Amino acid sequence: MNKTILIVDDELYILDSMQRMLSALKYSILTASSGSEALDILASNDVDLIIVDIRMPEIDGKKIFTKVREVEPDIPVIIITGGDIQDGKAFADKHGAYGFLEKPIEIEKLKPLVDGALRKKTK
């Protein structure tokens with residue numbers, strides 16, 4: 001069965017880049033360019049992993065993470081950011097995110113993190 005990953009980032013070139021990287025690894029990819037769009041997608045789709053930018057307008061990655069934990073606590077979440085690295089890493093560590101990546105995202109760092117998160121989800 002193909003695993004589904006939701007990527008949430010307000011920067012469209014990041015969404016496109018990550019979608020291409022992960023599609024090449026044979027994952028099904030859903031994308032959202034806003035927090036509200038991400039929450040709508042989560043309400044109507046089964047998702048195995050979420051990759052979310054912590055800094056976005058309106059509903060940021062922290063709020064998305066919190067909402068996901070309320071509804072689906074077993075979905076692994078990988079936090080990404082190109083902004084305040086210390087804040088992003090501290091949030092990921094404190095709240096139990098599966099992992100943290102700094103932008104620009106490199107496939108060599110993304111792939112093992114995604115593979116590990118999806119293995120964890122299937123246990």
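Biologist: Which residues in helix 3 are buried?

Modeller: Keep in mind that this is a predicted model. Helix 3 covers residues 61-71, and buried here means under 20% relative accessible area. The ones that qualify in helix 3 are Gly61, Ile64, Phe65 and Val68.

Biologist: Why are those residues on the same side of helix 3, and what covers them?

Modeller: They span an arc of only 100 degrees around the axis, so they sit on the same side of helix 3. As for what lies over the buried residues of helix 3, the cover includes strand 1 (4-8), helix 2 (35-44), strand 3 (49-53), strand 4 (77-81) and helix 4 (85-95).

Biologist: Helix 4 next. Which of its residues are buried, and what covers them?

Modeller: Gly88, Phe91 and Ala92 are the buried ones in helix 4. Viewed down the axis, they fall within an arc of 95 degrees, so they line one face of the helix. Their cover includes helix 3, strand 4 and strand 5 (99-102).

Biologist: And which residues are exposed on the other side of helix 4?

Modeller: There the cut-off is over 50% relative accessible area. On that other side, the exposed residues are Gln86, Asp93 and Lys94.

Biologist: Which backbone nitrogen does a side-chain oxygen of Asp84 reach at the start of helix 4, and what about Asp60 at the start of helix 3?

Modeller: For Asp84, the side-chain oxygen comes to within 3.3 Å of the backbone nitrogen of Gln86. At the start of helix 3, a side-chain oxygen of Asp60 gets to within 3.2 Å of the backbone nitrogen of Lys62.

Terms used. Residues are numbered from 1 along each chain as its sequence is written. This is a predicted model: local features need pLDDT of at least 70, side-chain atom pairs count only at pLDDT 80 or more; totals for chains, interfaces and linings use all residues. Side-chain values use heavy atoms; hydrogens and water are left out. Buried means under 20% relative accessible area, exposed over 50%, partly exposed in between (1.4 Å probe, protein chains only). Helices (H or I, at least four residues) and strands (E, at least two) are DSSP runs, numbered from the N terminus. The arc is that of the directions from the helix axis to the C-beta atoms. Contact means heavy atoms within 4.5 Å. A polar contact is a pair of N or O atoms within 3.5 Å; within protein, one must be able to donate a hydrogen and the other to accept it, and residues adjacent in sequence count only if both atoms are side-chain atoms.
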